Amino acid sequence: MAASLIRQTKLLSVFSSAGCFRSIHCTAVCLKNRAARIRVGKGDRPLTYEQAHHPHHIGHRKGWLSQHTGNLHAEGGAAERVLEDVFIRRFIFGTFHSCLADELIIKRRGNVLIICAVMIQKLLPSKFYFLLGYTEELLSHFYKCPVKIELQLVDEKVVYKYL
Amino acid sequence: MAASMASVRTVRVLSKIFHGHFTPATAVQHHTACPRLVHTASVSSPPSPAIIESEEPDALYQRLSVQVKGHDRAVLDSYEFFATLAAKELGLSLEKVFEPPKHIDKLTLLKSVHIFKKHRVQYEMRTHYRCIQISRITGSSARVYLEYIQRNLPEGVAMEVTKTAIEKIPEHIQKPLWDENKLDASG
């Protein structure tokens, strides 16, 4: 009995060291991460650089979309900043509808709220200027702080990859 | 497209300047064809602020400690270079520039909305620190330096300033009590 056990363990060790150790791989439903990832498909879906990289690449290949001091150690106000960010993203998505090429980047420097956006030029410049002024005025009245929008115009959405 | 938008804006600003104060002599420009934002017209500048002199002596600080914290070490590296350069240019004496160890806040949450208690997800928030200590600085220099540093603080970076002031010893404890008692306590 003992001898057979020893032989079994010896066999196992030989297999694992040789590298041909096979077993059943089963992942439970929740073991795979699905957050902020677009799964591989047929190859006809265009993705921007932001969408193509997974969240564990933040800090390495991606930057942060919203920069404030709320999440630092011994600093407060993170929840309020998140709420403001969500509102600003939805507001600008709605105001410049189908003009946004990529996600907004929101920065807070002192009292000033700076919104950096990459847009596709679908409207006339005069209409663009009006919408920019309108968003800056409204948002500065809502949040009681100076709001600046920095805009970059692009011909069409910049595609990084097709998945 | 982006270039045309930018040039439209600069042309509008230039036209504002020219309409305000136009002098033909200064309108002669000696640079290349691409329009750049150059104030060639004479703009009436406000009178320079007078230097305020007061009777009170300036505050003296033994040490000015500026600690910055942020999520990105590269940002803190560049900010430290900027702050030390500014201090050297102003002639302040840098005592110590060091990096306290980082602090990591960890959270373990459930991965799923409903069940699956065994599957969790862990998040962490890293806070990196950088400390710049300047020794033997006056109050007005400290104010100037801090204002310059704070105006150029990048987004996502927080700063804590600690000042150690030097004060004169108050009059009632300037002389030790046992000196006066020597004359009284004879026996």
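Student: Is Cys116(A) buried or exposed?

Tutor: Buried means under 20% relative accessible area, exposed over 50%, and partly exposed in between, with a 1.4 Å probe and protein chains only. In this predicted model, Cys116(A) has a relative accessible area of 15% and is therefore buried. Cys145(A) is buried as well, at 12%.

Student: What conventions apply to the values?

Tutor: Local features need pLDDT of at least 70 and side-chain atom pairs count only at pLDDT 80 or more, while totals for chains, interfaces and linings use all residues. Residues are numbered from 1 along each chain as its sequence is written, chains are lettered from A and ligands numbered from 1 in the order in which they are written, and side-chain values use heavy atoms, without hydrogens and water.

Student: How many helices and strands does chain A have?

Tutor: Both are DSSP runs numbered from the N terminus: helices are H or I with at least four residues, strands E with at least two. Chain A has four helices and six strands, in the order α-β-α-β-α-β-β-α-β-β from the N terminus. Of its 163 residues, 28% count as buried.

Student: What span should helix α4 of chain A have?

Tutor: The expected span is 1.5 Å times one less than the number of residues. Helix α4(A), residues 125-143, has 19 residues and should span 27 Å; its end C-alpha atoms are 27 Å apart, which agrees. Lys144(A) follows the helix, with a positive phi near 55°.

Student: Which residues of α4(A) are buried?

Tutor: An α-helix has 3.6 residues a turn, so residues three or four places apart point the same way. In α4(A) the buried residues are Phe128(A), Tyr129(A), Leu131(A), Leu132(A), Thr135(A) and Leu139(A). Seen down the axis, they fall within an arc of 165°, so they line one face of the helix; the arc is taken from the directions from the helix axis to the C-beta atoms. On the other side, Ser126(A), Phe130(A) and His141(A) are exposed.
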